[in-house]
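Have the structure open as you read.

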Amino acid sequence: MRPEQAPNIASQSAALSSLNPAALRRGVALLRTCNSLPRVKPIHALCIRRGVPLGHPGLAKHLLFAIVSLASDDDDPMPYASAVFARVPVPGVFAYNTMIRGYAESPRPLPALDVHRFMLAAAVPPAGHTYPFLLKACAKLLSLRDGERVHCRAVKDGNDTSLFVRNTLVHLYSVCGVLEIAHKMFDEMPQRSLVSWNSVLNGYAINGKPNEVLTLFKEMMIMTNRKDAPHVEPDGFTMVSLLCACAEMGALGLGRRAHAYLFKRGFNLDTHVGNALIDLYAKCGSVTEAYKAFDEMDERTVVSWTSLIHGLAVNGFGEQSLDLFHEMERESLVPTGITLIGVLYACSHCGLVDEGFKYFNRMTKDYGIAPKIDHYGCMVDLLGRAGLVERAHDYIDNMPVEPNAVIWRTLLGACAVHKSLAIGEVAWAKLVNMDPGHCGDYVLLSNLYAAVGQWGTVHNLRRSMLDGGVKKKPGCGLVELRNCVYEFVMGDRSHAESNQIYDLLEVIATRLRLEGYVPCTSNVLADIEEEEKETALNYHSERLAIAFSLLKTTPGTPIRIVKNLRVCADCHLVTKLISKVYEREIIVRDRTRFHHFRDAFCSCKDYW
């Protein structure tokens with residue numbers, strides 16, 4: 001609503017002098033029984049024809065409520081609601097609140113803040129129901145500053161203590177990433193509803209805090225079973241947050257138990273839950289179960305197809321991913337820009353350079369999707385993985401959008417793999433200006449210098465990292481066993497069974513040498529003896545996790561590892577050989593993709 005649409009009292013109050021009370025009562029009664037938005041306008045027209053003034057507040061408040069309440073996803077009720085509201089000489093708090101609610105629930109929530117300003121200017125005191133929808137609008141806008149202003153106003157008016165306001169405040173601070181304040185407000189709530197729990201769980205889930213989601217969910221279940229606490233049963237929204245956390249951590253066992261709970265409660269029929277299940281199984285490397293979750297959905301949206309297309313692509317099944325995209329097209333579903341990212345990703349990890357450019361060109365030609373920076377990044381990755389580093393550099397120089405740090409980092413990573421020093425230094429110079437102090441860039445450049453044997457430059461670079469306070473992110477491997485997630489870092493001896501783990505690593509090394517294994521030490525970032533390099537490689541985080549899994553699981557059981565960094569060439573080779581020697585399927589999810597190892601082969605076909 002624009003300022004010029006604010007109610008004009010002087011020009012409209014005279015219109016209320018004549019009124020047909022029977023027509024008003026009849027119109028209100030009809031509006032209360034109305035069940036669709038298209039039926040509202042004829043009722044409105046009937047009231048006007050029978051003598052009810054356009055701006056009568058008694059009709060307007062019921063009319064506004066009907067317009068906002070009966071809107072569907074295909075309707076935008078707010079232009080109509082705004083036209084009705086603008087004719088009311090003296091709107092009451094109910095009318096203002098209805099307009100705020102309508103905008104807050106619409107795709108364009110910003111005018112809700114304008115209505116609130118008009119409300120204050122008209123000296124209409126906000127009520128308790130004003131603030132939840134105002135805060136919801138701020139959350140949708142991700143406007144922390146506006147949310148804080150509304151929060152302060154709610155405190156001033158004494159409306160900050162209601163459960164509804166507290167819930168929306170927790171939601172606001174959660175989606176804006178201010179998790180400390182969100183959790184503090186949650187902890188201070190004298191009574192927590194299911195909405196309270198869902199708000200803070202969702203906040204941790206969308207901000208990449210899976211450990212906190214799991215911890216909070218356990219606390220929720222403990223509270224649920226306590227007799228002295230309000231009974232709160234998880235619903236579909238709760239379980240989506242839990243599934244997202246399981247997917248992030250690769251906690252397949254816990255995710256399966258959550259799936260069983262969903263099935264028992266009937267939540268598995270929900271489309272959002274179905275999409276989360278596809279994402280869970282895909283991110284845990286269980287493509288078969290992801291397909292099954294997809295097949296069992298009663299209603300599949302574009303998001304459902306997109307989730308499986310992405311899942312197949314990151315698991316190394318690029319051709320199946322493209323086949324699924326073609327099937328989606330045959331279903332006459334229109335892909336989104338995110339869908340095409342999955343398609344381009346599939347091409348990138350399978351080396352399908354020409355096909356990748358074909359799909360990229362079809363974005364605009366067939367679907368009218370303007371490529372965004374993420375799509376251009378996929379194309380740079382496509383060329384870089386194929387070893388076409390110079391072509392990738394030229395592509396960046398000729399992009400119609402300004403390349404960001406991610407694109408230059410992708411090029412630097414390709415240079416490190418393919419030993420292209422000159423272009424790598426160009427990419428590094430760009431990154432120093434755009435994102436200085438990023439530890440990953442230092443590591444990539446170190447890998448590049450190490451690959452070409454410039455050890456003096458490697459040492460200088462490492463020294464500049466220390467002088468600049470840049471800390472390298474330690475490699476971390478996660479494995480889930482018997483309802484627990486175990487974490488290992490390089491050289492980790494903190495585990496209670498470290499002695500057995502390290503003893504097994506020595507046994508593994510001996511058996512692999514008998515298979516002809518020769519360590520790949522080129523990326524050990526130190527100019528030390530080969531024997532020392534081999535020792536350093538032997539204690540990488542994923543090897544510790546694999547050894548632990550071999551110790552604690554029965555023969556033949558698949559091993560699933562989640563790694564926060566990209567798998568190095570030597571660990572990739574070792575894992576292939578372990579899968580053969582110990583007759584195990586090993587699924588490793590690293591920072592960029594999945595590797596499915598079996599019988600000394602990897603699903604990536606060594607194209608990574």
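What follows covers two helix pairs and then the repeat annotation. Keep in mind that this is a predicted model.

**Helices α11 and α12**
- Helix α11 spans residues 179–187 and helix α12 spans residues 194–206; their axes come within 10 Å and cross at roughly 160°.
- Angles over 145 degrees count as roughly antiparallel, so α11 and α12 are roughly antiparallel to each other.
- The handedness of this α11 and α12 crossing is left-handed.
- On the α11 side, L179, H183 and F186 make the contact, while α12 brings in S196, W197, V200, G203 and Y204.
- Sorted by class, the α11 contact with α12 has 5 nonpolar residues, 3 polar ones and no charged ones.

**Helices α28 and α31**
- Further along, helix α28 (residues 498–514) and helix α31 (residues 569–581) have axes that come within 10 Å and cross at roughly 90°.
- That angle makes α28 roughly perpendicular to α31.
- Here I508, R511 and L512 of α28 meet V574, L577, I578 and V581 of α31.

- Residues 193–227 are 80% helix and 0% strand, with the end C-alpha atoms 16 Å apart.
- Residues 270–300 are 71% helix and 0% strand, and their end C-alpha atoms lie 10 Å apart.

Definitions and conventions
Residues are numbered from 1 along each chain as its sequence is written. This is a predicted model: local features need pLDDT of at least 70, side-chain atom pairs count only at pLDDT 80 or more; totals for chains, interfaces and linings use all residues. Side-chain values use heavy atoms; hydrogens and water are left out. Axes are lines fitted to C-alpha atoms, for helices over the stretch in contact, and angles run from 0 to 180 degrees between N-to-C directions. Helices (H or I, at least four residues) and strands (E, at least two) are DSSP runs, numbered from the N terminus. Angles under 35 degrees count as roughly parallel, over 145 as roughly antiparallel, 65 to 115 as roughly perpendicular and the rest as oblique. A crossing is left-handed if the near helix is turned anticlockwise from the far one by less than a right angle, and right-handed if clockwise. Contact means heavy atoms within 4.5 Å. Ala, Val, Leu, Ile, Met, Phe, Trp, Tyr, Cys and Pro count as nonpolar, Asp, Glu, Lys and Arg as charged, and the others, Gly among them, as polar.
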